[in-house]
There are 2 protein chains.
Amino acid sequence: MQTIPLLQIGLGGVGRELVRQILATEAPLARRYGFRLAHVALADTTGLLSAADGLDRAALEAILVAKEHGQSITTLPGSTTGSSWEAFPLEQRAIFVDVSAAPGHEVPLAARIAAGCRVVLANKRPLSTSMAAFTALTAHGATRYEATVGAGLPVIATLQSLIDSGDTIIRIEAAMSGTLGYLCTELEAGKPLSVALRAAHALGYTEPDPRDDLSGADVARKALILARTSGLNWEPEAVTAEAWFPPELASVHRDEFMARAEELDAPLAARVAEARAAGGALRYVATLTPTGASVALRVVPADHPLATLRGPDNLFSFTSARYAERPLVVRGPGAGQPVTAAGVLADIIATARERW
Amino acid sequence: MQTIPLLQIGLGGVGRELVRQILATEAPLARRYGFRLAHVALADTTGLLSAADGLDRAALEAILVAKEHGQSITTLPGSTTGSSWEAFPLEQRAIFVDVSAAPGHEVPLAARIAAGCRVVLANKRPLSTSMAAFTALTAHGATRYEATVGAGLPVIATLQSLIDSGDTIIRIEAAMSGTLGYLCTELEAGKPLSVALRAAHALGYTEPDPRDDLSGADVARKALILARTSGLNWEPEAVTAEAWFPPELASVHRDEFMARAEELDAPLAARVAEARAAGGALRYVATLTPTGASVALRVVPADHPLATLRGPDNLFSFTSARYAERPLVVRGPGAGQPVTAAGVLADIIATARERW
């Protein structure tokens with residue numbers, strides 16, 4: 001039985017679900033693949049908790065309980081208040097699992113790879129800064145990042161297999177914001193945007209500031225990751241997103257933005273009417289080709305797979321040299337803690353199976 | 001640079017395309033993952049050709065030319081006429097890649113796994129005999145078999161990731177015969193089955209004896225593989241398929257069957273009319289749940305993903321504990337030599353990355 005050391009960064013909803021899934025799959029994974037995943041360290045924003053031999057089940061369960069009660073992990077034995085995951089000894093090998101949303105991890109994570117570690121990311125940020133940082137992380141397959149795009153859906157692994165087997169990407173079309181997909185469906189049902197948006201906000205379907213969804217910036221980051229995985233050496237400026245709101249609403253306070261949401265109703269209703277008149281559907285689509293990207297509200301024809309999309313489902317359509325006439329399409333829920341954590345765990349298992 | 005030895009069984013259309021793809025990806029795979037795939041042996045039905053250090057590019061290209069001209073590989077230097085791949089030394093480690101359609105490989109392949117080898121299959125037969133043989137091949141992840149179901153589509157890898165991460169399959173619905181899908185589309189367009197079938201037969205879209213498609217046996221084999229991958233320990237009898245022809249046409253000569261194809265027109269036209277009257281579409285669908293399987297012509301509602309399927313595309317819909325409300329769906333061309341070979345190559349790469 002081989003022990004695979006993990007260092008986990010982030011104990012939010014996805015991070016806690018990941019701990020639960022690792023505990024629940026310990027016996028079947030040992031039986032099937034002959035390894036055991038051991039948390040040698042866990043970090044949240046308040047500190048680092050480590051155990052050379054791996055935290056045992058009781059310790060991990062205590063951490064889950066503490067976090068569910070809003071406590072910091074620094075209240076637990078073995079923790080170092082204020083110490084970040086970067087304090088973990090550089091000579092110690094582990095899979096570094098980043099399920100945070102924090103910026104600035106690309107350089108320290110690349111340093112761990114240089115020291116012989118592997119990385120698994122749900123955090124998009126380390127992959128969406130400079131191309132040089134992306135290359136430092138992903139060279140030689142040292143980083144897996146399925147959950148950064150489409151959560152648990154097989155998107156990155158599929159694209160990577162196409163590229164590795166010598167296929168060439170001609171076009172990727174993707175709807176990869178559950179929130180914006182949900183709003184499109186509501187608009188089609190005739191709801192004013194302001195009504196749909198306030199409901200979604202109240203239900204927690206949007207970010208605390210809904211402009212973080214409506215700006216399209218998150219979709220642009222995912223599109224950049226898809227482009228780079230396809231072999232395109234693009235800097236972030238290559239992918240810009242069309243926002244759902246005008247520039248004058250970009251810098252007002254969040255409360256003022258919500259209060260003025262009615263200003264978006266007429267322009268978006270006009271876009272929906274325009275799509276309907278053309279016999280199609282309005283979708284927020286990322287379109288990538290080797291020559292450029294578009295991330296925007298777009299009218300798609302009624303017989304296009306994207307037109308059949310409803311609610312928060314994601315859809316990814318890959319047209320390649322080998323899938324030229326008819327694309328390879330992956331569709332399903334692209335958000336949610338259980339499926340995101342499952343995507344991370346699948347990457348951890350693939351890395352562990354490499355016994356790198 | 002690590003050299004990964006391959007023994008390839010089968011040099012038909014998929015086998016030759018696999019050799020071409022391996023030659024075409026040598027440099028990028030070496031750069032990306034630091035290994036080189038080397039054919040230490042190639043076998044077809046006439047003999048075995050081996051080279052301890054791996055066949056070089058010129059030798060592989062000569063083999064491709066010989067096979068394209070209908071010659072046996074036994075005309076080439078290094079070959080052993082009449083010797084099967086089983087003559088390959090048992091003490092030599094390799095990835096055994098079976099892209100044949102031959103029966104009886106499950107026991108000798110399992111013996112190779114016991115001797116420390118790994119297996120990649122496009123051949124469905126070794127996985128669709130007894131459950132004991134399936135277990136001997138797949139225990140500890142020693143065999144990968146993405147191309148057995150849906151060719152290059154990410155079906156087995158997706159299902160395996162769901163299971164490994166602790167998800168539970170509730171239902172799989174799949175359309176996984178391009179030929180039967182094509183016929184369904186033609187029937188919906190109003191063509192009599194006999195007309196569509198003879199056209200498909202003339203174009204080589206069907207097996208030489210079209211009953212090999214119309215019996216549903218191939219779909220049943222794929223359904224069995226999906227069920228077993230989901231963790232269901234089913235023997236082959238657990239999955240039976242509805243044939244498109246009556247029992248009295250099962251044992252007549254192929255030519256007589258083709259001559260009597262008109263006898264199928266009225267019953268199938270009636271099924272299409274029935275589907276239309278119900279507001280749905282007629283599809284040949286495999287449905288799996290933990291309690292049983294059905295492989296049959298079925299009326300699917302108009303808003304079901306399967307109803308939107310056209311022509312030879314495959315579709316796989318996974319409903320699980322985590323994908324409960326809305327399924328994870330994979331769709332696209334599920335046959336063809338380039339995509340099948342690419343599925344095999346992706347499995348070889350994943351195995352090689354494990355440096356097992």
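Where in chain A is A:His140 found?

A:His140 is found in the loop between helix H5 (131–138) and strand S7 (143–144) of chain A. The model is predicted. Most residues other than glycine have a negative phi. A:His140 is not a glycine, yet its phi is positive, at about 60°. Its relative accessible area is 53%, so A:His140 is exposed.

A:Ala151 also has a positive phi, near 55°, and is a residue other than glycine. A:Ala151 lies in the loop between S7 and helix H6 (156–164) of chain A. Is A:Ala151 buried or exposed? The relative accessible area of A:Ala151 is 4%, so this residue is buried.

## Two helices in chain B

Now turn to chain B. Helix H4 (residues 106–114) of chain B meets helix H5 (residues 131–138) of chain B. Their axes come within 9 Å and cross at roughly 30°. Angles under 35 degrees count as roughly parallel. H4(B) and H5(B) are therefore roughly parallel to each other. The crossing of H4(B) and H5(B) is left-handed.

Which residues make the contact? H4(B) supplies B:Glu106, B:Leu109, B:Ala110 and B:Ile113. H5(B) supplies B:Ala133, B:Ala136 and B:Leu137. Sorted by class, the contact of H4(B) with H5(B) has six nonpolar residues, no polar ones and one charged residue.

## Aromatic pairs

How many aromatic pairs does the structure hold over all chains? There are 14. A pair of aromatic rings is described by the distance of the centres and the angle of the planes.

One of the pairs joins B:Trp85 and B:Phe96. This pair is edge-to-face, with 6.0 Å centre to centre and 70° between the planes. B:Trp85 sits in the loop between strand S4 (79–81) and strand S5 (95–98) of chain B, and B:Phe96 sits in strand S5 of chain B. The two residues are eleven residues apart, and their pair links distant parts of the chain. Both B:Trp85 and B:Phe96 are buried.

## A tilted pair and a cluster

B:Trp244 and B:Tyr284 form a tilted pair, with 6.0 Å centre to centre and 50° between the planes. B:Trp244 lies in the loop between helix H10 (217–229) and helix H11 (254–259) of chain B, while B:Tyr284 lies in strand S9 (residues 280–289) of chain B. The pair therefore ties together parts that are 40 residues apart in sequence. B:Trp244 is buried, with a relative accessible area of 6%. B:Tyr284 counts as buried too, at 5% relative accessibility.

Chain A has an aromatic cluster. A:Trp85, A:Phe88 and A:Phe96 form it.

Note on methods. Residues are numbered from 1 along each chain as its sequence is written. Chains are lettered from A and ligands numbered from 1 in the order in which they are written. This is a predicted model: local features need pLDDT of at least 70, side-chain atom pairs count only at pLDDT 80 or more; totals for chains, interfaces and linings use all residues. Side-chain values use heavy atoms; hydrogens and water are left out. Axes are lines fitted to C-alpha atoms, for helices over the stretch in contact, and angles run from 0 to 180 degrees between N-to-C directions. Helices (H or I, at least four residues) and strands (E, at least two) are DSSP runs, numbered from the N terminus. Angles under 35 degrees count as roughly parallel, over 145 as roughly antiparallel, 65 to 115 as roughly perpendicular and the rest as oblique. A crossing is left-handed if the near helix is turned anticlockwise from the far one by less than a right angle, and right-handed if clockwise. Contact means heavy atoms within 4.5 Å. Ala, Val, Leu, Ile, Met, Phe, Trp, Tyr, Cys and Pro count as nonpolar, Asp, Glu, Lys and Arg as charged, and the others, Gly among them, as polar. Rings of Phe, Tyr and Trp (its six-membered ring) pair if their centres lie within 6.5 Å; planes under 30 degrees apart count as stacked, over 60 as edge-to-face and the rest as tilted. Buried means under 20% relative accessible area, exposed over 50%, partly exposed in between (1.4 Å probe, protein chains only).
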